[in-house]
Amino acid sequence: MTEPGIRGKTAIIGVGQSPYYKRGKSPDPAFVLTLRAILNACADAGIDPRAIDGFASFSMDRNDPLRMSAALGLRELRFNSMVWGGGGGGGSAAIAGAAAAVHGGLAETVVVFRGLAQGAMRFGGAPPAQYLGGNFAFMAAYGVISPAQQYAAKVIRFMHDHGVRQAALRAIALTSYAHAQNNPNAVMYGRPLDAETYDASRWIAEPFHLYDCCLESDGAAAVIITSAERARHLTERPAYILGAAQGAGYRTDAGSFNGPDFASSHFASLAPRLYAMAGVTPKDVDVVQSYENFTGGVLMSLVEHGFFTAEEANDFLTPDNLNAMGGKLPLNTSGGNIAEAYIHGMSLIVEAARQIRGQSPNQVRDAKVSMVTSGPMAAPVSNCILGAEETL
Amino acid sequence: MTKAATTYLPDALPVPASDGDGLQAPFWSGLEREELLIQRCRHCRTWVFAPEWICHQCHSFDLDWTAVEPTGVIYSWTRVWHPVTPAIAEHMPYLVGVIELPQAGNVRLIGNLLGDPAKAVEIGARVRGVFEHHPAAADNPARKAFTLLQWTPA
């Protein structure tokens, strides 16, 4: 039997980001932020930007590859891919598509990117519509419109079923803020959060306090993917793509909250596929970037990836256990979507690669297996595992 | 308008709209007549909601709209404190329930839980439906009348 999937066939050879800003504060439009992130990723990889021959993105990114191709003077464009789904669930899926394209010979050097300036198009607010059809017809008039309102009931039910307490969610928020204090690029750098402030913060939609919710940000992030063979010539520390998965479970997104796995992050069917492809188990994972649209999504993602059971969540989810400096499961080590910036999770993929490449602001010692979970609850979701040379 | 008005939330939120394909139309017109209609497969008797053109169990396109008693059980809920639009800022917080219908294959509907928005909500509690009629807007001919299904303790 041949080796399944894309394990070790491709690698991230460079990462880049724009400056990150609070929503609406970027002096530059999204297109400029995206170009800066891509150029920074090329510089990190040590490649000429004109060597890029493919683009992959997600979440209906509006930075058109053809315009970027013309603007950057690419010699040839061979691959373009956009993952369906409006949230951040497509982040790791974009990595998977790029890796598969490179492995399959469709392209040689693919950029995976996400760039947004929410001053121009906001994600956290209500759609500016007077009438809404489709699934929104069953939610909007009842005041279920924003992502917080859509996902709160999933987490309430999960916490109810398994006796998970608010302090477990709080630990996830405190961890992101703690890590952001060592990351000068984080929007919340220099603005630490303590438990008392979390407890006193206003509710957005129960069980989400203000600090359980991701930021709204302007910024862009990008990674460069090429074949493992080329990667070894181009960089000292490639972050090899060991595995990736995307999708949803049985009728996950059936309308009006009718998915059988409603109280879920929707990773249950993906996690076994990811581990099988990557050839690792949860015990092998050194560091996790788990997308926080809301802390409750992280709680369910970590459970569904087998790091602990739902019944163990109260004991496992503590700031000490999640800290990069000696914690059992270092989590969101650059500050994540809650305290670094909300680039729909592309910043988490950048950080996962930085951990393997030894570039993290909160470097986990000897990190060799680095996981990303993208967009919990916002199916289709996706995940990926990166590995150092020693894991091949 | 205040909480004492005849509707739980003010008419400032997006109104259920037809997608132009008629799929949801029997559901909404049923609510206007104070009738809760849920799709059921004529072939294999599977309950289907949200509305769909095909039965997910047997792939029959022959779905029937079946009248169902508007009672259910609270499956989950949230209390919303942050308004998505300034137009409802005076009406916070409000309660949202996810209601399961045991008499219709445990399909789920979303609605508001009527009464004191500060009340404790119990998962598993029995509720009954209340038809909440929204009249057409006098100042906006495009805004037609519609009916929501809200929930109160059984």
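**Entry 1**

I started with strand β2 (residues 36–41) of chain B, which pairs with β3(B) in the antiparallel sense over two bridges. Strands here are DSSP runs of E with at least two residues, helices are runs of H or I with at least four residues, and both are numbered from the N terminus. I call two strands paired if DSSP finds at least two bridges between them. Within this pair, B:Q39 has B:V48 in β3(B) as its bridge partner.

I then looked at the sheet around it: three strands in the order β3-β2-β4 (chain B) make an open sheet with antiparallel pairing. β3 (47–48) and β4 (63–68) of chain B are the edges, each with a single partner strand, so one side of each has no neighbour in the sheet. A reminder for myself: strands of a sheet pair through backbone hydrogen bonds, either parallel or antiparallel.

**Entry 2: ground rules**

I noted that this is a predicted model, in which local features need pLDDT of at least 70 and side-chain atom pairs count only at pLDDT 80 or more, while totals for chains, interfaces and linings use all residues. Residues are numbered from 1 along each chain as its sequence is written, and chains are lettered from A and ligands numbered from 1 in the order in which they are written.

**Entry 3: the rest of chain B**

I found one helix and nine strands in chain B, and along the sequence they follow the pattern β-α-β-β-β-β-β-β-β-β. The C-alpha trace of chain B spans about 50 × 40 × 25 Å along its principal axes. Of its 154 residues, 38% count as buried; that label needs 20 or more other C-beta atoms within 10 Å of the residue's own, with 12 or fewer meaning exposed, anything in between partly exposed, and C-beta atoms placed from the backbone.

Chain B is divided into domain 1 (17–68) and domain 2 (69–154), with bounds that come from an automatic or database domain assignment. The C-alpha centres of these two domains of chain B lie 20 Å apart. I found 10 residues of domain 1 of chain B in contact with 12 residues of domain 2 of chain B, where contact means that the C-beta atoms, placed from the backbone, lie within 7 Å. On the domain 1 side, α1 (25–32) and β2 of chain B are the elements that give two or more residues. α1(B) gives the most to that side, with three residues.

**Entry 4: chain A and its β9**

Chain A comes to 13 helices and 13 strands. Its radius of gyration is 19 Å, close to the 21 Å that the globule rule gives for 392 residues, so chain A is as compact as a globular protein of that length. The radius is taken over C-alpha atoms, and the rule is 2.2 Å times the number of residues to the power 0.38. Buried residues make up 64% of the 392 residues in chain A.

I followed strand β9 (residues 217–227) of chain A: 10 of its 11 residues are buried, so it is largely enclosed by the rest of the structure. Which strands pair with β9(A)? Here is what I wrote down.

- Strand β1 (residues 10–17) of chain A runs antiparallel to β9(A), joined by seven bridges, and A:V15 stands opposite A:V223.
- Strand β2 (residues 21–22) of chain A is also antiparallel to β9(A), with two bridges; A:Y21 has A:D218 as bridge partner.
- Strand β5 (residues 110–117) of chain A pairs with β9(A) in the antiparallel sense over eight bridges, and A:V110 has A:I225 as its partner.

**Entry 5: where the chains meet**

How many residues does each chain bring to the contact? I found 39 residues from chain A and 33 residues from chain B. On the chain A side, β6 (131–132), α4 (147–162) and β7 (203–205) each supply at least two residues. The largest share of that side, six residues, comes from α4(A).

Methods:
Two residues are in contact if their C-beta atoms, placed from the backbone, lie within 7 Å.
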